[in-house]
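This report covers a sheet and some aromatic contacts in one structure. Please look over the sequence and the model first.

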Amino acid sequence: MLYTSLKAVAAVAALSAVTSLGMYLVACQRARALKRMNPTLTVYPVLIAPSSLLNLLNLIPRWMKISFPKNWTFDGKYDRFNETKDGVFAICTVNQTNVQVANSELSKEIMVNRYKEFLKPIQLYGVLDVYGKNIVTVEGDEWRRHRKIAAPTFSEQNNALVHKSSIQIANQMFASWEKNSITAKDGKQSYRVNTSDDMMEFALSVISSAAFGIDIPWHTEPDNSEFRQGHQISFKQSLEIVVNRLQYWVITPKFLYLFPIKYLQETKQGFDEFGKYLDRIIDDAEESASEEKPKNLLQMLTKATMSEKSPESRLSKAELKGNSFVFILAGHETTAGVLQFALTLLALHPEKQHKLFQEIRQVLGDSSIPEYKDLAKLKYVQSIMNESMRMFPPVTGIPKYTATQTLSLGPYVFPPKTFININTAGLHYNPAAWGGDSFEFKPERFMASDAPSRSGFAPFSEGPRGCVGKKFAQVEFMTLLTLISLNYTWTLPEDVDVAHVLDATQIITLKPKTPVELMFKRR
């Protein structure tokens with residue numbers, strides 16, 4: 001019996017080895033074919049693709065060394081490109097060729113000059129169609145229809161609303177900090193804050209207020225919203241479930257949600273209830289569209305689609321919901337992550353923190369609250385945001401696709417069905433664009449007259465397919481950082497591991513690996 005079992009195990013192991021060898025040989029064949037087309041291109045044949053679920057879910061044994069482990073794009077930054085001629089290399093697997101680009105000129109060519117040729121591989125984005133198609137998951141004429149309606153809603157009116165909401169929510173957050181004060185050695189009150197949690201909550205509250213017109217209380221306050229009537233859970237609870245559990249919702253087979261497992265049942269309830277809330281908000285917006293001026297992003301989006309003369313040009317209710325969902329996801333994830341990294345970087349560099357405060361005081365004078373018009377004058381605040389996103393780009397790759405065409409890019413030629421990934425981390429650390437100090441936190445680089453061209457900086461992507469919510473995120477970030485700097489100084493607690501406080505990992509967007517705590521002290 002034992003002998004038979006061992007034979008079976010040996011047979012399975014041998015079959016796996018032979019299959020793996022065969023797959024690797026096919027990858028090598030693909031790599032050789034690509035190399036023949038591009039003799040100067042660096043090409044890596046690999047058995048396990050960087051985007052493999054085995055890799056992304058950490059299912060590969062530690063002893064098994066692979067060429068491109070999880071998080072390789074950010075952890076390696078430009079390291080992999082040092083072996084290349086010009087910041088471009090290719091990875092070949094058994095069924096796919098993926099070209100990595102960290103060259104500023106070629107990146108601009110892809111995103112800006114030839115965006116109609118290098119298409120978005122929408123097959124990779126289907127997981128974001130949770131409530132319906134949206135501006136992120138469509139291409140071609142469908143994308144143009146979505147963008148025509150969605151882009152104008154991110155207007156100055158909405159940006160001013162983001163500014164107002166940010167101030168209101170920041171004050172709620174500050175009040176919660178000061179309920180748990182510690183008396184420092186100099187007699188001043190200080191506050192130990194989990195900035196990871198608070199920046200996530202802040203960003204969630206701003207998007208709820210500015211996008212949906214729903215003000216949700218800070219977690220230390222009771223939620224007595226009348227908006228909950230007719231729903232099993234509050235809007236805030238459903239929103240938190242949607243943004244915090246998306247990755248599980250996407251990878252979990254839907255039949256499993258039928259099982260009486262608390263976590264799964266809560267997750268399904270959250271997604272179902274949030275869809276119902278969106279239905280209700282859209283219905284209200286449609287009813288009031290002709291009567292009053294839109295007061296939030298979803299009302300603006302609904303009014304814009306209703307004003308389209310042709311029914312074929314309008315967004316369906318499912319598409320309105322789909323766009324609302326993706327605006328929440330992108331806006332919340334991006335701003336919260338950048339705020340966490342920026343505050344930590346400033347805690348590590350008190351001289352930059354002091355310079356920040358000096359600029360704010362110079363612009364605002366004695367005022368304790370920045371007006372919306374002041375933000376354009378706060379150049380160092382904007383530079384801190386840019387430098388934080390350069391060092392910690394919200395997404396570490398912007399995927400494109402040659403689709404059915406053979407396309408040239410610089411000196412290279414790529415066959416149909418080739419994936420082209422603008423490697424944002426590599427691009428942002430490319431010494432050819434940023435010099436030899438690219439690992440240093442240096443906001444001043446964005447204030448210099450010879451600042452690097454935007455083609456070497458793409459945290460929001462660039463060109464026509466760039467993020468429509470870019471200004472939304474900038475207003476939110478700048479307003480909060482200005483308010484924090486006016487009221488507090490901050491440092492790392494003594495028990496925090498400085499060597500690893502900036503370690504990052506990508507889930508949906510780039511985030512600190514572990515929650516970051518900071519000590520804030522009243523000025």
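The text below describes the sheet, then the aromatic pairs.

The model is predicted: local features need pLDDT of at least 70, side-chain atom pairs count only at pLDDT 80 or more, and totals for chains, interfaces and linings use all residues. Residues are numbered from 1 along each chain as its sequence is written, and side-chain values use heavy atoms, without hydrogens and water.

Five strands make up an open sheet of mixed pairing, in the order 1-2-3-9-6. Strands are DSSP runs of E of at least two residues, numbered from the N terminus, and two of them pair if DSSP finds at least two bridges between them. Strand 1 (42-45) and strand 6 (398-401) are the edge strands, each pairing on one side only. Strand 1 pairs with strand 2 (residues 88-92) in the parallel sense over four bridges, and Y44 stands opposite I91 in strand 2.

Rings of Phe, Tyr and Trp (its six-membered ring) pair if their centres lie within 6.5 Å; planes under 30 degrees apart count as stacked, over 60 as edge-to-face and the rest as tilted. The count comes to 31 aromatic pairs. Two are listed here.

| Pair | Centre distance | Plane angle | Type |
|---|---|---|---|
| Y44 and F89 | 5.4 Å | 90° | edge-to-face |
| F154 and F472 | 6.3 Å | 70° | edge-to-face |

Y44 lies in strand 1 and F89 in strand 2, so their pair ties together parts 45 residues apart in sequence. Y44 counts as buried at 15% relative accessibility, where buried means under 20% relative accessible area (1.4 Å probe, protein chains only), exposed over 50% and partly exposed in between. F89 is buried too, at 0%.
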